[in-house]
Amino acid sequence: MSAPITTSGIQARHQTELDQGRFFIQHCNACQQHVYFPRELCPHCGVAHLDWVAPTGHGTVYAVTTVRRKPEAGGDYNVSLIDLDEGVRLMSRVDDLPPQAVRIGQRVTARVQLIDGHGLVVFDAKTGKIV
Amino acid sequence: MSADLKSLRGSAAVAGVATFGCGEAPGFSDMELLARSAHAAVADAGLKMSDIDGLCTASGGATMWAMPVAEYLGIRPSYVDSTMIGGSSFIAHLLPAMQALRSGQCKAVLVCYGSAQRTASFGRREIVASRRFLDPQPYETPYEPMLPSSAYALAASRHMHEFGTTRRQLAEVAVAARAWAGLNPEAFMREPLSIEEVLNARMVSDPLSVRDCCLVTDGGGAYILVSAERAKDLPQKPVFVLGNATSVWHRQISSMHDLTTTSASESGHKAFAMAGLSAKDMDMAQLYDAFTINTLLFLEDLGFCKKGEAGAFVENGAIAPGGCLAVNTNGGGLSCVHPGMYGIFALIEAVRQLRGNAGDRQVANAQTALAQGNGGTLSSQSTAILGTAETL
(Lines give C-alpha, C1' and ligand atoms only; values in the text may rest on other atoms or scores of the structure.)
Protein backbone atom coordinates (compact mmCIF):
# COMPACT_ATOMS: atom_id res chain seq x y z
CA MET A 1 0.00 0.00 0.00
CA SER A 2 1.09 3.58 -0.47
CA ALA A 3 1.16 5.90 2.49
CA PRO A 4 -0.81 9.14 2.21
CA ILE A 5 2.21 11.34 2.44
CA THR A 6 2.98 14.30 0.29
CA THR A 7 5.89 16.69 0.18
CA SER A 8 9.07 17.06 2.28
CA GLY A 9 12.08 14.76 2.53
CA ILE A 10 11.87 11.04 3.14
CA GLN A 11 13.17 11.18 6.71
CA ALA A 12 10.56 13.75 7.75
CA ARG A 13 7.75 11.84 6.02
CA HIS A 14 8.73 8.62 7.77
CA GLN A 15 8.74 10.35 11.14
CA THR A 16 5.40 12.06 10.43
CA GLU A 17 3.84 8.64 9.87
CA LEU A 18 5.47 7.23 13.01
CA ASP A 19 4.09 10.16 14.99
CA GLN A 20 0.64 9.00 13.78
CA GLY A 21 1.43 5.49 15.01
CA ARG A 22 2.16 4.06 11.57
CA PHE A 23 5.40 2.21 10.70
CA PHE A 24 6.39 2.17 7.03
CA ILE A 25 9.40 0.79 5.25
CA GLN A 26 10.21 1.22 1.56
CA HIS A 27 10.00 -1.11 -1.42
CA CYS A 28 11.75 -0.74 -4.75
CA ASN A 29 9.55 -1.48 -7.72
CA ALA A 30 12.57 -1.78 -10.00
CA CYS A 31 14.55 -4.41 -8.13
CA GLN A 32 11.77 -5.71 -5.83
CA GLN A 33 13.83 -5.31 -2.67
CA HIS A 34 12.75 -3.69 0.57
CA VAL A 35 14.72 -0.76 1.97
CA TYR A 36 15.31 0.49 5.51
CA PHE A 37 16.35 2.99 6.81
CA PRO A 38 14.20 5.09 4.47
CA ARG A 39 15.98 7.11 1.82
CA GLU A 40 15.55 9.05 -1.38
CA LEU A 41 16.94 6.35 -3.66
CA CYS A 42 17.35 2.62 -3.74
CA PRO A 43 20.70 1.49 -2.30
CA HIS A 44 20.40 -1.78 -4.24
CA CYS A 45 19.78 -0.52 -7.79
CA GLY A 46 19.97 3.27 -7.62
CA VAL A 47 16.51 4.26 -8.83
CA ALA A 48 15.08 7.40 -7.29
CA HIS A 49 11.57 6.25 -6.49
CA LEU A 50 10.69 3.95 -3.66
CA ASP A 51 7.17 3.01 -2.55
CA TRP A 52 6.09 3.11 1.07
CA VAL A 53 4.83 -0.21 2.37
CA ALA A 54 3.61 -1.38 5.76
CA PRO A 55 5.76 -4.29 6.98
CA THR A 56 4.14 -7.31 8.60
CA GLY A 57 5.94 -6.21 11.76
CA HIS A 58 7.38 -9.64 12.35
CA GLY A 59 11.09 -10.01 12.81
CA THR A 60 13.96 -11.83 14.49
CA VAL A 61 16.68 -10.55 16.82
CA TYR A 62 19.94 -10.59 14.79
CA ALA A 63 22.36 -9.19 17.37
CA VAL A 64 21.98 -8.08 20.97
CA THR A 65 23.68 -6.08 23.69
CA THR A 66 22.81 -4.92 27.17
CA VAL A 67 23.96 -1.36 27.70
CA ARG A 68 25.04 -0.99 31.31
CA ARG A 69 23.72 2.04 33.15
CA LYS A 70 23.63 2.90 36.83
CA PRO A 71 20.32 2.05 38.53
CA GLU A 72 19.82 5.69 39.53
CA ALA A 73 20.07 6.68 35.85
CA GLY A 74 17.44 4.12 34.84
CA GLY A 75 19.35 0.85 34.91
CA ASP A 76 20.52 -1.49 32.16
CA TYR A 77 18.69 -1.58 28.84
CA ASN A 78 18.58 -3.61 25.64
CA VAL A 79 19.77 -2.53 22.22
CA SER A 80 19.14 -5.02 19.44
CA LEU A 81 19.46 -5.29 15.71
CA ILE A 82 16.23 -6.73 14.34
CA ASP A 83 15.82 -8.40 10.94
CA LEU A 84 12.28 -7.86 9.65
CA ASP A 85 10.78 -10.71 7.66
CA GLU A 86 10.87 -8.37 4.64
CA GLY A 87 14.67 -8.66 4.68
CA VAL A 88 15.67 -5.32 6.17
CA ARG A 89 17.48 -4.65 9.45
CA LEU A 90 17.06 -1.89 11.98
CA MET A 91 18.32 -0.92 15.39
CA SER A 92 15.67 -1.05 18.09
CA ARG A 93 15.01 -2.64 21.46
CA VAL A 94 12.94 -5.54 22.74
CA ASP A 95 10.74 -3.69 25.16
CA ASP A 96 8.88 -6.35 27.12
CA LEU A 97 11.73 -8.59 28.29
CA PRO A 98 14.42 -7.95 30.89
CA PRO A 99 17.53 -6.93 28.90
CA GLN A 100 19.50 -10.03 29.89
CA ALA A 101 16.65 -12.25 28.61
CA VAL A 102 16.83 -11.02 25.02
CA ARG A 103 18.46 -13.65 22.83
CA ILE A 104 19.58 -13.79 19.23
CA GLY A 105 16.92 -15.66 17.27
CA GLN A 106 14.05 -14.37 19.43
CA ARG A 107 10.96 -13.74 17.29
CA VAL A 108 9.56 -10.26 17.84
CA THR A 109 6.75 -7.98 16.66
CA ALA A 110 7.02 -4.27 15.96
CA ARG A 111 5.01 -1.67 17.85
CA VAL A 112 5.06 2.12 17.50
CA GLN A 113 5.65 3.64 20.88
CA LEU A 114 4.30 7.19 21.19
CA ILE A 115 5.83 9.49 23.76
CA ASP A 116 4.78 13.15 23.73
CA GLY A 117 3.54 12.74 20.17
CA HIS A 118 6.87 11.30 18.97
CA GLY A 119 6.71 7.84 17.42
CA LEU A 120 9.47 5.25 17.83
CA VAL A 121 9.56 1.64 16.58
CA VAL A 122 10.14 -0.86 19.39
CA PHE A 123 9.58 -4.62 19.52
CA ASP A 124 7.80 -7.08 21.78
CA ALA A 125 8.79 -10.72 22.13
CA LYS A 126 6.50 -13.24 20.48
CA THR A 127 6.07 -15.84 23.14
CA GLY A 128 7.08 -19.42 22.86
CA LYS A 129 8.72 -19.38 19.47
CA ILE A 130 12.41 -19.12 18.88
CA VAL A 131 13.70 -19.89 15.41
CA MET B 1 44.40 -5.18 -9.83
CA SER B 2 45.44 -2.64 -12.45
CA ALA B 3 49.01 -2.61 -13.72
CA ASP B 4 49.17 1.00 -12.60
CA LEU B 5 48.46 0.10 -8.99
CA LYS B 6 50.89 -2.79 -9.08
CA SER B 7 53.56 -0.45 -10.39
CA LEU B 8 53.18 1.58 -7.20
CA ARG B 9 54.34 -1.41 -5.12
CA GLY B 10 57.42 -0.28 -3.22
CA SER B 11 57.43 3.11 -4.96
CA ALA B 12 57.24 5.02 -1.69
CA ALA B 13 58.76 4.54 1.72
CA VAL B 14 58.20 5.75 5.25
CA ALA B 15 61.33 7.74 6.01
CA GLY B 16 60.46 9.09 9.45
CA VAL B 17 58.09 8.39 12.32
CA ALA B 18 57.38 9.91 15.71
CA THR B 19 54.90 9.94 18.56
CA PHE B 20 54.48 12.55 21.26
CA GLY B 21 52.49 12.83 24.47
CA CYS B 22 51.09 9.31 24.38
CA GLY B 23 49.12 8.53 27.52
CA GLU B 24 48.43 11.72 29.43
CA ALA B 25 49.56 15.11 28.17
CA PRO B 26 47.82 17.59 30.46
CA GLY B 27 47.92 21.17 29.26
CA PHE B 28 48.49 20.27 25.60
CA SER B 29 46.03 20.93 22.80
CA ASP B 30 45.34 18.61 19.86
CA MET B 31 47.38 20.90 17.61
CA GLU B 32 50.33 21.04 20.00
CA LEU B 33 50.49 17.25 20.20
CA LEU B 34 50.28 17.06 16.41
CA ALA B 35 52.96 19.72 15.92
CA ARG B 36 55.44 18.11 18.32
CA SER B 37 54.90 14.73 16.61
CA ALA B 38 55.25 16.30 13.16
CA HIS B 39 58.43 18.11 14.11
CA ALA B 40 59.97 14.94 15.51
CA ALA B 41 58.98 12.85 12.47
CA VAL B 42 60.45 15.41 10.07
CA ALA B 43 63.68 15.40 12.08
CA ASP B 44 63.67 11.59 12.21
CA ALA B 45 63.53 11.59 8.40
CA GLY B 46 66.52 13.92 8.23
CA LEU B 47 64.39 16.67 6.67
CA LYS B 48 63.34 20.20 7.56
CA MET B 49 59.73 21.35 7.86
CA SER B 50 60.36 23.48 4.75
CA ASP B 51 60.92 20.24 2.81
CA ILE B 52 57.32 19.16 3.48
CA ASP B 53 55.11 19.85 0.46
CA GLY B 54 52.38 17.26 1.08
CA LEU B 55 50.02 17.17 4.05
CA CYS B 56 47.62 14.44 5.18
CA THR B 57 45.68 14.89 8.39
CA ALA B 58 42.26 14.46 9.97
CA SER B 59 40.54 15.41 13.19
CA GLY B 60 37.71 13.95 15.22
CA GLY B 61 36.31 17.40 15.79
CA ALA B 62 37.42 20.02 13.26
CA THR B 63 36.02 19.44 9.77
CA MET B 64 38.49 21.77 7.98
CA TRP B 65 41.50 20.51 9.92
CA ALA B 66 44.09 20.60 7.11
CA MET B 67 43.91 24.39 7.01
CA PRO B 68 44.78 25.14 10.64
CA VAL B 69 47.46 22.44 10.49
CA ALA B 70 49.13 23.99 7.42
CA GLU B 71 48.83 27.39 9.06
CA TYR B 72 50.29 26.18 12.37
CA LEU B 73 53.21 24.34 10.77
CA GLY B 74 53.92 27.21 8.40
CA ILE B 75 53.81 25.10 5.27
CA ARG B 76 52.10 25.64 1.90
CA PRO B 77 51.55 22.10 0.67
CA SER B 78 50.97 21.38 -3.01
CA TYR B 79 49.25 18.13 -2.02
CA VAL B 80 46.55 18.01 0.67
CA ASP B 81 44.43 15.02 1.73
CA SER B 82 42.12 15.48 4.69
CA THR B 83 39.97 12.43 4.00
CA MET B 84 38.26 11.59 7.28
CA ILE B 85 36.91 8.05 7.55
CA GLY B 86 37.63 7.60 11.24
CA GLY B 87 40.63 5.86 12.72
CA SER B 88 41.65 4.21 9.46
CA SER B 89 42.20 7.60 7.79
CA PHE B 90 45.94 7.78 8.37
CA ILE B 91 46.49 4.42 6.69
CA ALA B 92 44.01 5.28 3.92
CA HIS B 93 46.12 8.40 3.25
CA LEU B 94 48.94 6.17 1.93
CA LEU B 95 47.82 5.22 -1.58
CA PRO B 96 46.74 8.70 -2.77
CA ALA B 97 50.00 10.07 -1.35
CA MET B 98 51.96 7.43 -3.28
CA GLN B 99 50.19 8.54 -6.46
CA ALA B 100 50.96 12.18 -5.68
CA LEU B 101 54.64 11.32 -5.14
CA ARG B 102 54.71 9.31 -8.36
CA SER B 103 53.17 12.15 -10.37
CA GLY B 104 55.58 14.70 -8.97
CA GLN B 105 52.82 16.71 -7.33
CA CYS B 106 54.87 16.63 -4.13
CA LYS B 107 58.13 15.22 -2.80
CA ALA B 108 57.68 14.75 0.95
CA VAL B 109 54.33 14.00 2.57
CA LEU B 110 53.67 14.54 6.27
CA VAL B 111 50.86 12.43 7.71
CA CYS B 112 49.99 13.64 11.20
CA TYR B 113 47.46 13.48 14.04
CA GLY B 114 47.07 14.70 17.59
CA SER B 115 44.36 14.45 20.21
CA ALA B 116 44.15 15.54 23.83
CA GLN B 117 40.82 13.80 24.31
CA ARG B 118 41.75 12.30 27.68
CA THR B 119 42.74 15.48 29.48
CA ALA B 120 41.23 18.31 27.41
CA SER B 121 38.24 20.13 28.87
CA PHE B 122 36.47 19.56 25.56
CA GLY B 123 37.31 15.87 25.43
CA ARG B 124 35.75 12.60 24.40
CA ARG B 125 32.48 13.07 26.27
CA GLU B 126 31.86 16.50 24.73
CA ILE B 127 32.85 15.35 21.23
CA VAL B 128 30.39 12.44 21.43
CA ALA B 129 27.62 14.79 22.64
CA SER B 130 28.22 17.37 19.89
CA ARG B 131 28.28 14.69 17.20
CA ARG B 132 24.59 14.05 17.84
CA PHE B 133 23.89 17.43 16.30
CA LEU B 134 26.71 17.80 13.77
CA ASP B 135 26.53 14.23 12.45
CA PRO B 136 23.11 12.80 13.36
CA GLN B 137 22.13 9.12 13.12
CA PRO B 138 18.36 9.45 13.46
CA TYR B 139 17.70 5.72 13.11
CA GLU B 140 20.07 4.69 15.90
CA THR B 141 20.34 7.55 18.39
CA PRO B 142 16.77 7.16 19.80
CA TYR B 143 17.72 3.70 21.13
CA GLU B 144 20.72 5.13 22.99
CA PRO B 145 23.43 2.69 21.94
CA MET B 146 26.62 3.60 23.81
CA LEU B 147 28.68 4.31 20.72
CA PRO B 148 31.05 3.09 19.64
CA SER B 149 31.12 0.35 22.31
CA SER B 150 27.61 -1.01 21.73
CA ALA B 151 28.20 -1.39 17.99
CA TYR B 152 31.22 -3.60 18.60
CA ALA B 153 29.31 -5.43 21.33
CA LEU B 154 26.59 -6.26 18.79
CA ALA B 155 29.24 -7.65 16.43
CA ALA B 156 30.73 -9.67 19.28
CA SER B 157 27.30 -11.06 20.18
CA ARG B 158 26.84 -12.24 16.63
CA HIS B 159 30.32 -13.80 16.43
CA MET B 160 29.65 -15.69 19.66
CA HIS B 161 26.27 -16.84 18.36
CA GLU B 162 27.49 -18.04 14.97
CA PHE B 163 30.84 -19.53 15.89
CA GLY B 164 30.69 -20.30 19.60
CA THR B 165 33.33 -17.69 20.36
CA THR B 166 33.61 -17.12 24.12
CA ARG B 167 34.25 -14.15 26.36
CA ARG B 168 37.37 -15.99 27.52
CA GLN B 169 38.68 -16.00 23.93
CA LEU B 170 37.97 -12.27 23.64
CA ALA B 171 39.84 -11.81 26.93
CA GLU B 172 42.88 -13.58 25.41
CA VAL B 173 43.18 -10.61 23.03
CA ALA B 174 43.28 -8.09 25.89
CA VAL B 175 45.72 -10.19 27.90
CA ALA B 176 48.08 -10.58 24.92
CA ALA B 177 47.98 -6.84 24.22
CA ARG B 178 48.83 -6.13 27.85
CA ALA B 179 51.75 -8.56 27.75
CA TRP B 180 53.18 -6.71 24.73
CA ALA B 181 52.56 -3.38 26.48
CA GLY B 182 54.64 -4.63 29.38
CA LEU B 183 57.61 -4.66 26.98
CA ASN B 184 56.93 -1.14 25.66
CA PRO B 185 57.97 1.82 27.83
CA GLU B 186 55.62 4.09 25.84
CA ALA B 187 52.50 2.01 26.66
CA PHE B 188 49.95 3.55 28.99
CA MET B 189 48.89 0.39 30.88
CA ARG B 190 51.75 -2.03 31.49
CA GLU B 191 50.94 -4.01 34.63
CA PRO B 192 50.10 -7.68 33.95
CA LEU B 193 46.47 -8.53 33.20
CA SER B 194 44.78 -11.92 33.63
CA ILE B 195 41.87 -13.48 31.78
CA GLU B 196 39.87 -13.54 35.03
CA GLU B 197 40.45 -9.79 35.49
CA VAL B 198 39.06 -9.13 32.00
CA LEU B 199 36.06 -11.39 32.61
CA ASN B 200 35.31 -9.85 36.02
CA ALA B 201 35.83 -6.23 34.98
CA ARG B 202 32.92 -3.79 34.92
CA MET B 203 30.58 -4.56 32.02
CA VAL B 204 30.13 -1.73 29.52
CA SER B 205 27.91 -3.18 26.81
CA ASP B 206 27.54 -6.96 26.94
CA PRO B 207 29.53 -9.03 26.09
CA LEU B 208 32.25 -6.39 26.41
CA SER B 209 33.74 -5.37 29.74
CA VAL B 210 35.84 -2.26 30.21
CA ARG B 211 38.96 -4.39 29.62
CA ASP B 212 37.58 -5.43 26.21
CA CYS B 213 37.53 -1.72 25.28
CA CYS B 214 40.38 0.47 24.14
CA LEU B 215 41.98 3.13 26.27
CA VAL B 216 41.03 6.78 26.17
CA THR B 217 44.39 8.57 26.07
CA ASP B 218 46.07 11.65 24.70
CA GLY B 219 48.69 11.37 22.02
CA GLY B 220 50.12 12.50 18.72
CA GLY B 221 51.69 10.58 15.87
CA ALA B 222 53.27 11.44 12.53
CA TYR B 223 55.10 9.82 9.66
CA ILE B 224 56.89 11.01 6.53
CA LEU B 225 56.34 9.38 3.13
CA VAL B 226 58.80 9.99 0.28
CA SER B 227 59.65 8.23 -2.97
CA ALA B 228 61.63 5.01 -2.60
CA GLU B 229 64.45 6.64 -4.55
CA ARG B 230 64.69 9.56 -2.18
CA ALA B 231 64.36 7.37 0.92
CA LYS B 232 67.65 5.68 0.06
CA ASP B 233 69.47 9.00 0.61
CA LEU B 234 67.84 9.72 3.96
CA PRO B 235 69.27 8.59 7.32
CA GLN B 236 66.70 6.01 8.43
CA LYS B 237 66.33 2.49 7.11
CA PRO B 238 63.43 2.88 4.66
CA VAL B 239 60.22 0.95 5.19
CA PHE B 240 58.54 0.44 1.84
CA VAL B 241 54.82 0.48 1.17
CA LEU B 242 54.15 -2.72 -0.77
CA GLY B 243 50.39 -2.47 -0.80
CA ASN B 244 47.51 -0.34 0.41
CA ALA B 245 43.77 -0.47 -0.12
CA THR B 246 40.75 1.07 1.58
CA SER B 247 37.13 -0.02 1.75
CA VAL B 248 33.94 1.58 3.06
CA TRP B 249 30.74 -0.49 3.16
CA HIS B 250 28.53 1.34 5.66
CA ARG B 251 28.57 3.83 8.47
CA GLN B 252 25.99 2.69 11.02
CA ILE B 253 26.30 -0.76 12.60
CA SER B 254 22.60 -1.31 11.76
CA SER B 255 23.53 -0.99 8.07
CA MET B 256 26.38 -3.52 8.23
CA HIS B 257 25.34 -6.45 6.07
CA ASP B 258 27.02 -9.26 8.03
CA LEU B 259 28.31 -8.38 11.49
CA THR B 260 30.92 -11.13 11.39
CA THR B 261 32.57 -10.10 8.11
CA THR B 262 34.15 -6.65 7.84
CA SER B 263 35.30 -4.89 4.70
CA ALA B 264 38.86 -5.71 5.79
CA SER B 265 38.19 -8.78 3.66
CA GLU B 266 38.14 -6.43 0.66
CA SER B 267 40.88 -3.99 1.70
CA GLY B 268 43.11 -6.86 2.75
CA HIS B 269 42.57 -8.79 -0.46
CA LYS B 270 43.41 -5.74 -2.59
CA ALA B 271 46.41 -4.68 -0.51
CA PHE B 272 47.84 -8.21 -0.58
CA ALA B 273 47.24 -8.38 -4.35
CA MET B 274 49.15 -5.14 -4.84
CA ALA B 275 51.98 -6.46 -2.65
CA GLY B 276 51.97 -9.92 -4.24
CA LEU B 277 51.92 -11.39 -0.74
CA SER B 278 49.45 -13.05 1.61
CA ALA B 279 48.84 -13.39 5.34
CA LYS B 280 51.26 -16.29 5.65
CA ASP B 281 54.06 -14.00 4.44
CA MET B 282 53.54 -11.50 7.27
CA ASP B 283 56.02 -11.37 10.15
CA MET B 284 53.54 -9.42 12.28
CA ALA B 285 50.08 -7.84 12.24
CA GLN B 286 49.29 -4.46 13.77
CA LEU B 287 45.49 -4.59 13.92
CA TYR B 288 43.33 -1.68 15.06
CA ASP B 289 42.04 -3.14 18.34
CA ALA B 290 39.49 -0.60 19.47
CA PHE B 291 37.75 -3.60 21.08
CA THR B 292 38.85 -7.19 21.56
CA ILE B 293 36.40 -8.40 18.89
CA ASN B 294 38.26 -6.31 16.28
CA THR B 295 41.37 -8.43 16.53
CA LEU B 296 39.37 -11.63 16.00
CA LEU B 297 37.46 -10.20 13.03
CA PHE B 298 40.59 -8.87 11.34
CA LEU B 299 42.61 -12.07 11.87
CA GLU B 300 39.82 -13.85 9.97
CA ASP B 301 39.05 -11.23 7.32
CA LEU B 302 42.74 -10.72 6.50
CA GLY B 303 43.34 -14.46 6.10
CA PHE B 304 45.43 -15.28 9.18
CA CYS B 305 42.82 -17.92 9.99
CA LYS B 306 39.47 -19.09 8.65
CA LYS B 307 36.19 -17.30 9.34
CA GLY B 308 34.90 -18.24 12.76
CA GLU B 309 38.21 -19.70 13.97
CA ALA B 310 39.93 -16.64 15.44
CA GLY B 311 38.68 -17.40 18.95
CA ALA B 312 40.53 -20.69 18.96
CA PHE B 313 43.45 -19.11 17.07
CA VAL B 314 44.26 -16.64 19.87
CA GLU B 315 44.01 -19.14 22.75
CA ASN B 316 46.98 -20.00 24.98
CA GLY B 317 48.86 -16.79 24.28
CA ALA B 318 49.15 -17.40 20.53
CA ILE B 319 49.30 -13.67 19.73
CA ALA B 320 51.18 -12.67 22.90
CA PRO B 321 54.99 -12.34 23.09
CA GLY B 322 56.47 -15.73 22.26
CA GLY B 323 53.29 -16.84 20.49
CA CYS B 324 52.91 -18.02 16.92
CA LEU B 325 51.96 -14.60 15.45
CA ALA B 326 53.11 -11.20 16.74
CA VAL B 327 49.99 -9.01 16.96
CA ASN B 328 49.85 -5.43 18.24
CA THR B 329 53.39 -5.44 19.54
CA ASN B 330 53.14 -1.96 21.08
CA GLY B 331 50.22 -3.06 23.26
CA GLY B 332 47.64 -1.78 20.79
CA GLY B 333 44.71 0.49 21.42
CA LEU B 334 43.79 -1.76 24.32
CA SER B 335 46.94 -1.13 26.37
CA CYS B 336 49.33 1.29 24.61
CA VAL B 337 47.57 4.36 23.24
CA HIS B 338 44.17 5.32 21.81
CA PRO B 339 43.63 9.06 21.43
CA GLY B 340 40.31 8.83 19.56
CA MET B 341 41.85 7.51 16.36
CA TYR B 342 44.55 4.83 16.57
CA GLY B 343 45.38 3.98 12.93
CA ILE B 344 48.53 6.06 12.66
CA PHE B 345 49.98 4.35 15.74
CA ALA B 346 49.49 0.89 14.23
CA LEU B 347 51.46 1.99 11.19
CA ILE B 348 54.19 3.68 13.27
CA GLU B 349 54.65 0.50 15.32
CA ALA B 350 55.02 -1.55 12.14
CA VAL B 351 57.69 0.86 10.90
CA ARG B 352 59.58 0.77 14.19
CA GLN B 353 59.55 -3.02 14.10
CA LEU B 354 60.76 -3.22 10.49
CA ARG B 355 63.56 -0.78 11.26
CA GLY B 356 64.59 -2.97 14.19
CA ASN B 357 63.97 -0.14 16.68
CA ALA B 358 61.42 -1.89 18.90
CA GLY B 359 63.63 -2.64 21.90
CA ASP B 360 62.46 -5.41 24.23
CA ARG B 361 59.43 -6.13 22.06
CA GLN B 362 61.39 -6.46 18.81
CA VAL B 363 60.12 -9.20 16.49
CA ALA B 364 63.27 -11.05 15.41
CA ASN B 365 64.28 -10.74 11.74
CA ALA B 366 61.08 -8.92 10.81
CA GLN B 367 60.87 -8.13 7.09
CA THR B 368 57.14 -7.72 6.52
CA ALA B 369 54.25 -6.21 8.45
CA LEU B 370 50.55 -5.61 8.03
CA ALA B 371 48.95 -2.51 9.54
CA GLN B 372 45.15 -2.48 9.65
CA GLY B 373 43.16 0.70 10.16
CA ASN B 374 39.53 0.63 11.24
CA GLY B 375 37.11 3.53 11.37
CA GLY B 376 33.65 4.28 12.74
CA THR B 377 31.76 1.18 13.80
CA LEU B 378 33.65 -1.38 11.69
CA SER B 379 32.68 1.04 8.89
CA SER B 380 35.92 1.80 7.07
CA GLN B 381 38.97 -0.41 6.68
CA SER B 382 42.40 0.32 5.29
CA THR B 383 45.14 -2.26 4.97
CA ALA B 384 48.83 -1.46 4.53
CA ILE B 385 51.46 -4.04 3.66
CA LEU B 386 54.95 -2.84 4.56
CA GLY B 387 58.36 -4.36 3.98
CA THR B 388 62.10 -3.84 4.24
CA ALA B 389 64.38 -3.42 1.21
CA GLU B 390 64.75 -7.21 1.11
CA THR B 391 61.08 -7.54 0.13
CA LEU B 392 61.26 -5.30 -2.94
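Me: Which residue in S2(A) stands opposite His27(A)?

Reply: This is a predicted model, in which local features need pLDDT of at least 70, side-chain atom pairs count only at pLDDT 80 or more, and totals for chains, interfaces and linings use all residues. Residues are numbered from 1 along each chain as its sequence is written, while chains are lettered from A and ligands numbered from 1 in the order in which they are written. Strand S1 (residues 25-27) of chain A pairs with S2(A) in the antiparallel sense over 2 bridges; strands (E, at least two residues) and helices (H or I, at least four) are DSSP runs numbered from the N terminus, and two strands pair if DSSP finds at least two bridges between them. The residue opposite His27(A) is His34(A).

Me: Which residue of S11(B) is the bridge partner of Val241(B)?

Reply: Strand S8 (residues 239-248) of chain B is joined to strand S11 (residues 380-387) of chain B by 8 bridges, and the two run antiparallel. S8(B) is also joined to strand S1 (residues 12-23) of chain B, by 2 bridges and again antiparallel. In S11(B), the partner of Val241(B) is Leu386(B).

Me: How many of the 10 residues of S8(B) are buried?

Reply: A residue is buried if 20 or more other C-beta atoms, placed from the backbone, lie within 10 Å of its own C-beta atom. By this criterion S8(B) is mostly covered, and its buried residues number 9.

Me: Which element gives the most to the side of chain B that touches chain A?

Reply: The contact takes 17 residues from chain A and 20 residues from chain B, where two residues are in contact if their C-beta atoms, placed from the backbone, lie within 7 Å. In chain B, helix H7 (149-163) and strand S5 (203-205) each supply at least two residues of this side. With 6 residues, the element that gives the most is H7(B).

Conventions: Buried ≥ 20, exposed ≤ 12 C-beta atoms within 10 Å, placed from the backbone.
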